[in-house]
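Me: I'd like to learn how to read a few features of a protein model. Could you walk me through them one at a time?

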Amino acid sequence: MSPRLVAVVGATGAQGTPVVKELVQSGAYTVRALTRDAKSARFQELQSYGPVEAVVGTFASEADLRATFRGAWGAFVNIDGFNSGEKTEMFWTIRAYELAIEEGVQFFVLGNLEYMYKNSGYRPEFRGGHYDGKGRIGEWILQQNRDNQHRMKAALFTSGPYMEMTISSYTPMAVAVEDGVATWRLPLNDGAIPFVSLDDCGYYVKWLFDDPERANGLDLKVAIDHVGGKELAAAFEKVTGRPARFLNVGFDDYFRQVWAFDPEHPAGYNADPSDPATLTQRQNFSGFFTCWQHSGADSDISKRDYKLLDQIYPGRIKSAEEFFRRENEKGIQNGQGSLWDRVQPDKIGHILKITEDRRTGTL
């Protein structure tokens, strides 16, 4: 059978890159990716993995979305809510789903996040726009799928905070080396975060595309494990042999000492700050961390079926220690140095496209 074409929106982002890599390197798929700049270093990286066709444009254009979906068998869509803002992301994700049906796509996968506000019982302190915007539309897509699956089947790929963000710069949980100690200052209390490894994301998404009949209507919620702050620091220390610590802080101290941007600016940098629907970064990430303060393996706020994940991907990363150990080995092999070397202030790198772009750019 000839390779199936998968259209990807969000291909050059942190999650899109391993998804494209896994699809094209499998030989079972080719990829057509929507990108603003086909000459960018991130897009050139995608093409180094295999056959990746460019559609130059934006997710905020019906013509560009149509061109991306036309003739494709599958679609993977993950719109950057930190670019667009919650409201715009919701509209264009809906349109992406509808236009994919129009253009004859047979299987649609949404890069999704949990509807945490709903999970909390609609408690206002849990509101986080970048989670709720995706989560609302994810539920809407599964509802629409009941009526539309004879034309296009659909599934959700629900991830979470990337474990890579704990060892990268300008992220909500960036590490700082202070007096020789790897330090995470986070408003986490005794909660736990269902961290996701980006390296695992490609496998899971390909699994969905490989078996669309089984995947149809599925909300595949993935994670390494629910990891607390103390566990995070202990795992880093065990792997690197260097001291590490987690310091619990309140929200005021977090936004004053840790947050790298103006917390009163919009969470989505292209969102209208005068729009009452726009959350500030402080509002958005206060809700984000409130969710994790109440999260854990036994919590209903953010559940995972780890037995199912073991069945789907027996080789998945299963702990913070295993993640850090792989990252340490990976860095040494590719010449970047040990994990300890890589978190030093003069060497720590970006994992998120938004921080690499310094929260600038068009829709």
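Me: Let's start with accessibility. Is Asp253 buried, partly exposed or exposed?

Reply: Keep in mind that this model is predicted. Asp253 has 29%, so Asp253 is partly exposed. Arg256, at 57%, is over the 50% mark and therefore exposed.

Me: Which contact do the side chains of Asp253 and Arg256 make?

Reply: Here is the general idea: side chains of opposite charge can pair when their charged atoms come close. In this structure, Asp253 and Arg256 meet in a salt bridge, with 2.2 Å from N to O. Both residues lie in helix H11, 3 residues apart, which is about one turn of the helix.

Me: Where do Arg66, Arg70, Glu102 and Glu103 come in?

Reply: Salt bridges with shared partners join these four into one network. The structure holds 28 salt bridges in total.

Me: What does the salt bridge between Arg32 and Glu53 tie together?

Reply: The closest N and O atoms of that pair are 3.3 Å apart. Arg32 belongs to strand S2 and Glu53 to strand S3, so the bridge ties together parts that are 21 residues apart in sequence. Arg32 is buried, at 10% relative accessible area, while Glu53 is partly exposed at 38%.

Me: Now the aromatic rings. How are the planes of Tyr254 and Phe289 arranged?

Reply: For ring pairs, look at the angle between the planes: over 60 degrees counts as edge-to-face. Tyr254 and Phe289 have planes at 65° and ring centres 5.2 Å apart, so the pair is edge-to-face. Tyr254 sits in helix H11 and Phe289 in helix H12, and the pair links parts of the chain 35 residues apart. Tyr254 is buried, with a relative accessible area of 0%, and Phe289 is buried with 0% too. Both belong to a cluster linked by ring pairs, which also includes Trp259 and Trp292.

Me: Which residue lies over the face of Tyr117?

Reply: That is Arg127, at 5.8 Å from the ring centre.

Key:
Residues numbered from 1 in each chain as written. Predicted model: local features only at pLDDT ≥ 70, side-chain atom pairs only at ≥ 80, totals over all residues. Heavy atoms only, no water. Phe/Tyr/Trp six-rings, centres within 6.5 Å; stacked < 30°, edge-to-face > 60°. Helix = DSSP H or I, 4+ residues; strand = E, 2+ residues; numbered from the N terminus. Buried < 20%, exposed > 50% of the residue type's maximum accessible area, 1.4 Å probe, protein only. Lys NZ or Arg CZ within 6 Å of the ring centre and 35° of its normal.
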